[in-house]
Amino acid sequence: MIATATAGACDGYYDALATCLERDGYCLLSEGLPEDMLAALYRRVGPQSDLDFRRAGVGRDNSFRFNSRLRTDRIHWLSHAHSAESAYLSSMEELRLALNQRLFLGLFEFESHFARYEPGGFYKKHLDAFAGKTNRILSTVLYLNPGWQKEWGGELVMYRDFNDEIIERIVPDYGRLLLFFSERFPHEVCPASQPRYSIAGWFKVNQPVFIPGAALGRH
Ligand code: OGA
Ligand code: MN
């Protein structure tokens, strides 16, 4: 719907999303993107993919390191060089503008990567952003797992702040798009018995921001 709906329908859709983000800090959309876009993205990341996937790391630039105790996924960054990736990036661009209009977030750009978790793979509890240290504001995850069975595991568990209180267990069903404020929700990817595919992405501002009173991050 994001990419293809008429302006009127789109406005309503974005209004609802903005209201949900403002109220809860996160929002799970089940019918966000057109079928053909999802199918093309699945061909790119799924079992038939011929892409080169690299081990994901933790941290940036000088502090970048591999940490297989924290995460085991393999990733491939999206670019406009490929049509399916470009289509997704364009719909996220539309979303960026719509959210800036409604929530005045000053989102400046979007970066995202495919992620493949082999059976048993995980990403331990972490935050995507640390107060004052990052320009990541809003996290997104699009799930690309056709026919996923709940018993296979692989949920994304979202926690409220730093308590162990669980607020959501999200099954990585095909086409689901999750958005949440990057500094607010520690989360983890549980191991699954099957390969698990997704696109993780982040809307960023131009400069790191410090939000007074925001929780201090830790893994
Ligand atoms: C991440 C992440 C969640 C998921 O890549 O930072 O938390 O469900 N991914 O794949
Ligand atoms: Mn994360």
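Tutor: Before we look at pairs, a salt bridge here is a side-chain nitrogen of Lys or Arg within 4 Å of a carboxyl oxygen of Asp or Glu. This is a predicted model, where local features need pLDDT of at least 70 and side-chain atom pairs count only at pLDDT 80 or more, while totals for chains, interfaces and linings use all residues. Residues are numbered from 1 along each chain as its sequence is written, chains are lettered from A and ligands numbered from 1 in written order, and side-chain values use heavy atoms, with hydrogens and water left out.

Student: Thanks! How many salt bridges does the structure hold?

Tutor: There are 14 of them.

Student: Let's take E85. Which residue does E85 bridge to?

Tutor: R44 is the partner of E85, with their closest N and O atoms 2.8 Å apart. E85 sits in helix α3 and R44 in helix α2 (residues 35–45), so this bridge ties together parts that are 41 residues apart in sequence. Helices are DSSP runs of H or I with at least four residues, strands are runs of E with at least two, and both are numbered from the N terminus.

Student: Is E85 buried or exposed?

Tutor: E85 counts as buried, because its relative accessibility is 1%. R44 is buried too, at 17%. The cut-offs are under 20% relative accessible area for buried, over 50% for exposed and partly exposed in between, using a 1.4 Å probe on protein chains only.

Student: And what does D11 pair with?

Tutor: D11 bridges to R102, where the closest N and O atoms are 3.4 Å apart. That pair links distant parts of the chain, as D11 is in helix α1 (residues 7–24) and R102 is in helix α3 (residues 83–103), 91 residues apart. D11 is partly exposed, at 41% relative accessibility.

Student: Where does D164 come in?

Tutor: D164 forms a salt bridge with K125, their closest N and O atoms being 2.7 Å apart. K125 lies in strand β5 (residues 123–126) and D164 in the loop between β7 (156–159) and β8 (166–170), so parts 39 residues apart in sequence are tied together. K125 is partly exposed at 22% relative accessible area, whereas D164 is exposed at 61%. There is also a network: E109, E111, R136 and K204 are joined into one by salt bridges that share partners.

Student: New topic, the metal. Which residues coordinate the manganese ion (ligand 2)?

Tutor: H126 (NE2), D128 (OD) and H187 (NE2) coordinate the manganese ion (ligand 2), at 2.1 to 2.2 Å. Their spacing in sequence is H-x1-D-x58-H. Donors are N, O and S atoms within 2.8 Å of the metal (3.2 Å for Na, K and Ca), and water is not among the atoms, so sites may look incomplete.

Student: Last one: what is the strand order in the open sheet?

Tutor: Seven strands run in the order β1-β9-β6-β11-β4-β3-β2, with antiparallel pairing. At the edges stand β1 (26–29) and β2 (54–55), each with a single partner strand, so one side of each has no neighbour in the sheet. Strands pair if DSSP finds at least two bridges between them.

Student: How many bridges do β1 and β9 share?

Tutor: β1 and strand β9 (residues 177–181) pair over four bridges, in the antiparallel sense. L29 stands opposite L177 in β9.
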